[in-house]
Amino acid sequence: MKTFEELGVAPLILQAIQEMGYESPMPVQEEVIPLLLGEDNDVIALAQTGTGKTAAFGIPILQKIEIGKYHPQALILCPTRELCLQIAADLNDYSKYMEDLKILPVYGGSSIESQIKTLKRGVHVVVATPGRLLDLMNRKTVDLGMIRNVILDEADEMLNMGFSDSINAILAEVPESRNMLLFSATMPQGIAGITRKYMRDPKEIVIGKKNEGNKNIRHIYYMVRAQDKYLALKRIADFYPNIYGIVFCRTRKETQEIADKLIQDGYNADSLHGELSQAQRDYVMQKFRIKNIQLLVATDVAARGLDVDDLTHVINYGLPDEIESYTHRSGRTGRAGKTGISISICHIKEKGKIKEIERIINKKFEKGEMPDGKAICEKQLFSLVDEIEKVKVNEEEIESLMPSIFRKLEWLDKEDIIKRVVSLEFNRMIDYYKDADEIEVIDETSSRREKREKGEKNGKNEGNRNSRKSFNAEDGFTRFFLNFGKVDGLYPNNLIELINKCVPGRVTIGKIDLRDNFSFFEVEESEAKRVADRMNGFEIDGRRISVEPAQSSKGEGGKNRNKFADRSTGDRKKWKSDSKSRFNDRETGGSKSEKPWRRSSSERQARKKRYN
Ligand code: AMP
């Protein structure tokens, strides 16, 4: 491997990039730098984002600038405003010690007058989005007659965005004698048209295999029912407590909806799409860059050019309509030598697309197992323990309070204290996940008949999703059927409250299993008769409670369900619950929207902010 000096990089640039921590060239730099330092070289480079391509073209074009001549000598075209600004910022970093070198980013959505003014004063490098540059050319405010290097960055994206005509019009104005470098992550047909027309005998460089996705990225898919997509997203986000990623959605509407739901459910998320103003987009992107946002829900177009290197995950909330976009989406993670995970939450209808993508990226997807509540709690807990280990203790401020705190806790030993601290968060998680429905990952390989049989075995009325729990009670417990369920707004705490109200004295309650229209709960065998006697006949807002030992022989819900599904009232005992209204406050239908333990962490954050 050569050094930057051996590639011919000049001392002033060398000093700047060394200060940026670039010790040795990345493969694309080793190939491209010498070519662009030469004359009349055309290059097609197939390289993903994150491979070091900005420095690969940036360093040589800067080095070739004649600073005494104040007219554009290098032109970089790129698809988005964000990428344009990012490239200009990188070039400014590399040229930190090159006095008087002027780099101008030109892009739509900002004042054209100020761009014209700067052009008049004279610039050396123009970084532009095609539409705005063409506008400036039409106003005769920019002269491309002295350009010596042209770079088309993310050429496939520019074509996808419909810039083909603008690119043609721009290239027609650039002198024939120049270097031209085209970067693209994929090689769609349109690129061949450009290279044929404007490049002479281009050298083709492939970083990684042609059309291959980044090797550092694992591709995982979860095939779920349409109605489980959002729940699956939450599960995945919960399973990776330190996730820092982009959730790609197909439409602006869906992007906003998913972001709103995540925010409402206590996740640290925000949205990025074309319906937001430029100022709003800038604000969100900045928050994401500095990691004030963990999950950015975005459309493909809005996320282009968002240059963040250390994303842990990319989540495809459905696969993109354009298969090519998948490479761009997943290429946002696993950058600069890091590893990343690209997760796709998709529907069985998208199975064909997975195969197509596998062919394009030349890599197999892994089939994901949806993490269950236990696995998630474990992960969250260890992340909390990590936080405890790493938290910075403000010795000075806390010192005066410690003696009273020690006194208060002195009756507890170290182990007890640890257990209690951890339980502050753990209890909430356990409660949350205890009764969460299992999300069925669809086995797309099993035949329809198998699926039908499986469905029948699991009981038609409740469907597969509720069928996971064993019908047998724990040893020493009796399992009861109750004719109230989630549609009545029943939740475990209400049920416990109900039992305690109906049955005087202490009752040991075991597992609780809530279904849509009815529920099961367990109590200690020795208390079973008392519980059944006391609860039966009570009513909640005009509806009689029925409790009887659960019967397992007819599938889930079986006999109990049919027998008690009627909502008639019979002889009533006197107590009327006030809990129904409380039941109704809660979300029904099998998915809890709240994420209780998150609240505490955002409270922690809020506290943090308040005291900062
Ligand atoms: P790019 O593909 O240009 O977006 O670059 C990806 C990341 O790699 C950026 O954070 C660059 O700053 C970084 N980078 C580029 N070249 C080098 C190098 N030679 N050594 C270390 N980091 C680099």
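Colleague: Which atom of the ligand does a polar side-chain atom of Q29 lie by, and at what distance?

Modeller: A nitrogen atom of the ligand, at 2.7 Å. That is a polar contact, meaning a pair of N or O atoms within 3.5 Å. Keep in mind that this is a predicted model: local features need pLDDT of at least 70, side-chain atom pairs count only at pLDDT 80 or more, and totals for chains, interfaces and linings use all residues. Numbering runs from 1 along each chain as its sequence is written, and side-chain values use heavy atoms, without hydrogens and water.

Colleague: What about backbone atoms of S24 and T51?

Modeller: S24 has a backbone N or O atom 2.9 Å from a nitrogen atom of the ligand. For T51, a polar backbone atom is 3.1 Å from a ligand oxygen.

Colleague: How much of the ligand does the protein bury?

Modeller: 80% of the 500 Å² that the ligand exposes when taken alone. Those areas come from the Shrake-Rupley method with a 1.4 Å probe.

Colleague: How many residues surround it?

Modeller: 13, and the closest are Y22, Q29, G52, T54 and D309. The shell divides into 4 nonpolar, 6 polar and 3 charged residues.

Colleague: Where does the ligand lie relative to the domains?

Modeller: Between domain 1 (4-206) and domain 2 (217-367), because both give residues to the shell.

Colleague: New topic. How many disulfides?

Modeller: The search of the whole structure finds 0. The test is a pair of cysteine sulfur atoms within 2.5 Å.

Colleague: Is C346 buried or exposed?

Modeller: Buried, because its relative accessibility is 0%. The cut-off for buried is under 20% relative accessible area; exposed is over 50%, and partly exposed is in between (1.4 Å probe, protein chains only). C377 is buried too, at 4%.

Methods. Near = heavy atom within 4 Å. Polar contact = N/O pair within 3.5 Å; in protein donor to acceptor, adjacent residues only side chain to side chain. Nonpolar A, V, L, I, M, F, W, Y, C, P; charged D, E, K, R; others polar. Domains from an automatic or database assignment.
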